[in-house]
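The sequence and the structure are shown first.

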Amino acid sequence: KQPFLTGFPLAVFATARRRLQAAVRQSRALFSRRSLSGYSVLFAEFLPGDFLASIDPTERQRHFGHVPVFWAWLAQILEANASCQKAVGLVQSWCRSCGLPVPSSDTSSYCKARGRLGLPFLHAVHRRVVDTLRSRVEPANNRWHGLNLKAIDGSSVQLMDTAANQLAYPQPSGQKPGCGFPTMGIVGLLDLGHGGWEHFETGRWSRHDSTAAAGLIALLGEGDLLLADRAFCSYELLACCLRQGCHALMRLHQSRHKALDWSHGKRLGPCDRLVTWKRPPRPAGSAASREEWERLPATLTLRLIKLHYENRAGDKAELVLVTTLTDPARHDALELAGLYVRRWDIELKLRDLKCTLGMESFAVKSPDLAHKTLVMSLIAFNLVRGIMQQAASVAGKPVWHSSFKGVLDLLTSSHESFRVHAGKPRNRSLAMIRLLEIAATKLIDIRPFRKEPRAVKRRRNSYQLLTKPRHEFEEIHHRENYRKPA
């Protein structure tokens with residue numbers, strides 16, 4: 001019953017049986033592309049089967065083709081960075097339900113198939129999801145004075161200790177050879193309107209965040225407002241923002257804060273000044289060439305806003321903001337100070353990406369696969385944000401009131417129920433409405449003045465510290481009595 005050589009033209013095998021086999025083969029390929037798992041049906045509005053088929057470079061359907069591996073890898077990430085064995089089990093379940101031969105439980109074929117996934121394929125999927133998120137932004141709730149709010153920040157992820165990873169992303173210098181992990185630095189751009197990641201730049205952990213920000217600034221345009229912390233407050237970055245036609249609001253860099261003379265500049269208010277910065281000499285760590293640096297404007301007219309606040313220790317402190325929004329009549333100083341608080345949203349999104357999705361470390365052996373894993377993480381995160389965006393619209397609340405963890409748990413626990421709705425648009429729409437009604441109730445419990453100290457309550461086991469490479473390390477047999485030497 002197994003059809004062989006069905007890809008030959010019908011002019012060679014012009015029989016009714018061959019025509020029937022070709023039709024079965026086409027219907028099988030179409031069915032398998034559209035209903036690998038419940039996730040493919042659940043996220044059909046963002047990634048329809050026709051779109052994935054149009055960008056799939058593989059010509060023949062396989063157990064571990066681009067589309068099946070994509071959905072299996074997505075399931076891994078959504079389920080807290082699950083093992084490859086979990087992904088293979090998903091493919092086996094799909095094959096069994098489709099009446100196809102079930103592949104082996106060995107994960108090597110699946111891991112090789114992940115390596116064959118091309119970055120152009122993943123970038124096309126990522127752009128599709130981001131464009132869908134952007135098209136559903138409600139201007140009344142998710143914009144500030146007609147400006148699109150964007151935020152930028154940096155972090156890092158650990159990779160497996162292999163020679164290729166160590167060469168591209170060396171481990172921190174404070175770790176001994178053979179005792180640490182390669183660390184890949186990342187700098188991301190977040191759209192605060194829908195809460196999804198637009199892009200990430202990668203580099204060595206030792207590279208400053210502002211150096212990697214140049215590639216992200218190129219993604220901004222007219223009508224955008226960038227929020228950033230003081231690590232990104234540089235003359236070059238502010239000049240690039242103005243050149244792109246966007247605005248910026250960030251905390252003043254500590255070196256400028258120390259040398260700040262508040263009596264200079266034009267007085268706009270008791271804690272509001274209009275100042276002029278002159279272009280400094282090109283710093284050694286700048287990504288711009290000498291010619292590009294000379295093309296930057298000779299001066300910048302900026303606005304400084306001074307605030308007083310209480311830090312974590314309960315002491316009074318001073319904070320100075322710098323912005324390119326220089327008109328006090330259109331943008332009040334206190335309103336800008338309140339807007340800067342929204343920058344903290346990107347810290348929470350990094351926590352959702354690294355802690356909730358379990359992507360603090362990538363179990364990959366090559367930098368190329370690390371880049372693909374990062375893009376897949378962004379796709380998974382943005383798909384969850386897309387469901388949150390729809391749920392917030394149903395609840396009539398801003399999207400940042402929805403709980404990422406609550407919606408994620410709902411999706412992972414109910415995605416298999418969508419598999420029976422494959423190819424049935426009406427049934428899928430009804431099931432989606434019921435899902436969104438439940439997701440609309442997954443809101444963040446806002447508890448003001450709640451104290452959450454950064455401390456560990458559950459103590460870990462007192463294992464030894466790996467202070468030498470594994471082949472040289474001597475383990476203490478009674479390690480439960482081990483205590484770290486003073």
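## A buried arginine

Arg-303 lies in strand E8, residues 299-310. Helices (H or I, at least four residues) and strands (E, at least two) are DSSP runs, numbered from the N terminus. The model is predicted: local features need pLDDT of at least 70, side-chain atom pairs count only at pLDDT 80 or more, and totals for chains, interfaces and linings use all residues. Residues are numbered from 1 along each chain as its sequence is written, and side-chain values use heavy atoms, with hydrogens and water left out.

Arg-303 counts as buried because its relative accessibility is 0%. Buried means under 20% relative accessible area, exposed means over 50%, and partly exposed lies in between (1.4 Å probe, protein chains only). The side chain of Arg-303 reaches the backbone oxygen of His-331 at 2.9 Å.

## Strand E5 and its partners

Strand E5 (residues 247-251) has 4 of its 5 residues buried, so it is largely enclosed by the rest of the structure. Strand E4 (residues 224-228) pairs with E5 in the parallel sense over 4 bridges; two strands pair if DSSP finds at least two bridges between them. Within this pairing, Leu-226 stands opposite Ala-248. From E4 the chain passes through helix H12 (residues 235-244) to E5 in a right-handed β-α-β crossover. Right-handed here means that, with the strands pointing away from the viewer, the path from the first strand over the helix to the second runs clockwise.

E5 is also joined by 3 bridges to strand E9 (residues 316-323), and these two strands run antiparallel. Here Arg-251 stands opposite Leu-321.

## Two loop residues with positive phi

Most residues other than glycine have a negative phi. Ala-80, in the loop between helices H4 (66-78) and H5 (84-98), has a positive phi near 60°. His-145 has a positive phi near 55° and lies in the loop between helix H8 (139-142) and strand E1 (148-159). Ala-80 is partly exposed, with a relative accessible area of 47%; His-145 also counts as partly exposed, at 47% relative accessibility.

## Salt bridges

A salt bridge is a side-chain nitrogen of Lys or Arg within 4 Å of a carboxyl oxygen of Asp or Glu. The count by this rule is 15. In one of these, Lys-150 meets Asp-224 at 3.6 Å, N to O. This pair links distant parts of the chain, with Lys-150 in strand E1 and Asp-224 in strand E4, 74 residues apart. Both Lys-150 and Asp-224 are buried.

Glu-347 and Arg-343 also form a salt bridge, at 3.4 Å from N to O. Glu-347 counts as partly exposed because its relative accessibility is 24%, whereas Arg-343, at 8%, counts as buried.

Methods
Polar contact = N/O pair within 3.5 Å; in protein donor to acceptor, adjacent residues only side chain to side chain.
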